[in-house]
Amino acid sequence: MADQSQTRRVSFFDTTLRDGEQAPANAMGPKDKLDLALRIEDLGVDYIETGFPASSPSDFEATRLIAKHLTRARFTTFCRAVSSDIVTAVEAGGTANHQIQIAATGSKMHCEHKRRITPRQAVEEVVEAVGLARSFGVESVSVGIEDASRGEEDLLRPMTERAIEAGATCFVVADTSGSMTPGEYAALIRTFRAWAPSPIRIATHCHEDFGLSTANALAGLVAGADEVQATLGGIGERAGNTALEEIAALLAYKQDVTGLHTDIDLPKMYEAYGVLRRIVNLPEPRNKAIFGTYAFGTAAGIHQQGMLRNPATYEYVEPERFGRQRSILIGRHSGRSVLRHLLDRIGHPVDDGQLDTLYRIHIAEREGGDCEDLDVLQARLQRELKGCALEAI
Ligand code: MN
């Protein structure tokens, strides 16, 4: 593994409470947002977006509470490029430790069909809003460029350069509609980097519509972005956002090939996800990377044979690093050899006929679900075969 001092640290921006919350069925009250924000802060995230204070009294209160209780992370508020949104955000959270993120209109299509403004107006409103936020004493002012992935250079470039002159400190390059491939997104980040050199910060914001939000974010980071916007479990608009746990895991495992590292506390992520799931009543997905019920489980006999000898045969991502446990589930896909392995393990070697009988009773014809945990089956076999002559089974 590469030495951390040789790699660039990626900073994390959590938008579970804003982009995640704005998706259908994910509404959270102020107290819930505070609970979750403290969990997320504990993971080592750098920025936590509290919501959109001007949009509702609930987001205003959530911002007020989170601003008061965070001890290490900065909080970010989402504002349109209008003065009343910025005034409200500052009323809610003050200026200390506060990053204001101003939503900018990044494509002519959005200018014409959504906003009904000219590209020139789209630039001017951002320049004014950045200046206003800075004039209040907010030191960190980010421009979140909506639909940047479908934007035109003659809109995006003047917007970026003039916002920097007005005091913007960060640009969020949003693939709002989830339209890009990793190669395209990397090129877009390089373009922005040329317009906004360091120490101006660049953040990724990717959507999952093609299932590429993590791949795109990684490509953007490798191409030079400083920060990744992500949500726990990838919740967010439509198909969702870059999943925090996926990008954190990738950065932890792939330091050598990416030249990047993360300080995210990997074992704590799953518990934070549990808090989110309880708040928004989200069932645990079966197969999601890192967080899925069976993300570290297998029911296939061919895999199990290898894993019982050495888990590394089928596990590249290790459950222990994420506070998870490996599960080997025995069912009709498991075959007889796993059963033989278990019987050997508990000191009951059997011949082929006896194995067939035990297989029929305990696996093929067992009632109650299509598979059960290896440890549960082992305990039952131990209990039932204890002192039992093999001929009697
Ligand atoms: Mn978004």
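Good morning. At 23% relative accessibility, Glu-284 counts as partly exposed, a class between buried, under 20% relative accessible area, and exposed, over 50%, with a 1.4 Å probe and protein chains only. Its salt-bridge partner is Arg-277, with the closest N and O atoms 3.7 Å apart. Arg-277 is partly exposed as well, at 22%. A salt bridge here is a side-chain nitrogen of Lys or Arg within 4 Å of a carboxyl oxygen of Asp or Glu.

The model is predicted, so local features need pLDDT of at least 70 and side-chain atom pairs count only at pLDDT 80 or more, while totals for chains, interfaces and linings use all residues. Residues are numbered from 1 along each chain as its sequence is written, and side-chain values use heavy atoms, with hydrogens and water left out.

Let me stay with the salt bridges. By the rule just given, the count comes to 32. One of them joins Lys-114 to Glu-146, with the closest N and O atoms 2.6 Å apart. That pair links distant parts of the chain, since Lys-114 belongs to helix 5 (residues 108–115) and Glu-146 to strand 6 (residues 140–146), 32 residues apart. Helices (H or I, at least four residues) and strands (E, at least two) are DSSP runs, numbered from the N terminus. Lys-114 is partly exposed at 47%, and Glu-146 is partly exposed at 25%.

Another salt bridge brings Glu-124 and Arg-162 together at 2.8 Å, N to O. Here helix 6 (residues 119–135) supplies Glu-124 and helix 7 (residues 153–166) supplies Arg-162, 38 residues apart.

I turn now to the metal site. Which residues coordinate the manganese ion? They are Asp-19 (OD), His-205 (NE2) and His-207 (NE2), at 2.0 to 2.2 Å. Donors are N, O and S atoms within 2.8 Å of the metal (3.2 Å for Na, K and Ca); water is not among the atoms, so sites may look incomplete. Along the chain, the donors follow the spacing D-x185-H-x1-H. Asp-19 lies in helix 1 (residues 16–20) and His-207 in the loop between strand 8 (201–206) and helix 9 (213–222), so this pair ties together parts that are 188 residues apart in sequence. Asp-19 is buried, at 3%, and His-207 is also buried, at 3%.

Leaving aside residues up to four places away in sequence, Ala-174 touches several residues, including Glu-146 and His-205; contact means heavy atoms within 4.5 Å. Ala-174 is buried at 6%.

Next, the interior. In soluble globular proteins, nonpolar side chains tend to be buried together. The largest nonpolar core in this model has 86 residues, and among those touching the most other members are Phe-12, Ile-100 and Ile-145. Such a core is a set of buried Ala, Val, Leu, Ile, Met, Phe, Trp, Tyr and Cys residues joined through side-chain atoms within 4.5 Å. A second, separate core of 17 residues includes Leu-343, Val-350, Tyr-359 and Leu-381.

Finally, three strands form an open sheet in the order 11-12-13, with mixed pairing; two strands pair if DSSP finds at least two bridges between them. Strand 11 (297–298) and strand 13 (371–373) are the edges, each pairing on one side only. Strand 11 runs parallel to strand 12 (residues 327–331) over two bridges, and Gly-297 has Ser-327 as its bridge partner in strand 12. Thank you.
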